[in-house]
Amino acid sequence: TCPNLYSLWQAFLAMTSITSLHGIEHIDFSHVVNMEQTFDDCRALTDLSAIANKDVSNVTTMNTCFSNCRFSNVDFLADWKPTSLADVRSMLKNCVNLLNVDGFINWQPHLLEMRSMCQGCYSLVDVSGFANLDTSDVEDMQSTFEDCVRLISIDGLTWNTGNVKNYYRMFCNDHWLDDVDVLNSWDFSSAENTSEMFNGGS
């Protein structure tokens, strides 16, 4: 094993030909703090089950961690307990085959940053898996779901948005989005920028 590993920053960045993570079971994630761009642009990697049981309790950033990957679901994340996680900016950006985020349903991290988290997820139809994310201190939700052109509903996202200032292009170009009733429960009292929030939508 690899003990006392504190960073996986760009560890597999742009390894566009790898199809499996054989051998990663020997890497101890329990001390890792930084997972920024860890699997970014691993376009041939569709099976990440090898990391399903990793201890990510000390990870604070997953910024761009899985951006540009081609998996269709995130079930491999279902048993992760990222209790220290604060930054998920662009975490799933341009994951064009992703259909749902059910693997997040038990995640309850106290987030601070989530700009562009799912931007460009063209196939995404269901985001209810994000229901339990703690967004109470998030200030910037810019482009979180921008270009999620097949997203129909955001039902279940009863987020605490009391500190969010920036909603710029949050749902921009979401052509099929027609169920946004949950926004009636959102607190827009701190909002400063809602420009183009639904621009290009239905």
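What follows is a short chat about a predicted model of one protein chain.

Q: What should I know about the model before reading values off it?
A: It is predicted, so local features need pLDDT of at least 70 and side-chain atom pairs count only at pLDDT 80 or more, while totals for chains, interfaces and linings use all residues. Residues are numbered from 1 along each chain as its sequence is written, and side-chain values use heavy atoms, with hydrogens and water left out.

Q: How many helices and strands in the protein chain?
A: Zero helices and zero strands, where helices (H or I, at least four residues) and strands (E, at least two) are DSSP runs.

Q: And what is the radius of gyration?
A: The value is 16 Å, close to the 17 Å that the globule rule gives for 202 residues, so the protein chain is as compact as a globular protein of that length. The radius is taken over C-alpha atoms, and the rule is 2.2 Å times the number of residues to the power 0.38.

Q: How much of the chain is buried?
A: Buried residues make up 49% of the 202; buried means under 20% relative accessible area with a 1.4 Å probe, protein chains only.

Q: Switching to rings, how many aromatic pairs?
A: The count is 17, taking rings of Phe, Tyr and Trp (its six-membered ring) with centres within 6.5 Å. Planes under 30 degrees apart are stacked, over 60 edge-to-face, and the rest tilted.

Q: What kind of pair do F104 and F130 form?
A: An edge-to-face one, 5.0 Å centre to centre with 70 degrees between the planes.

Q: Are those two buried or exposed?
A: F104 is buried at 0% relative accessibility, and F130 is buried at 1%.

How values were computed: Buried < 20%, exposed > 50% of the residue type's maximum accessible area, 1.4 Å probe, protein only.
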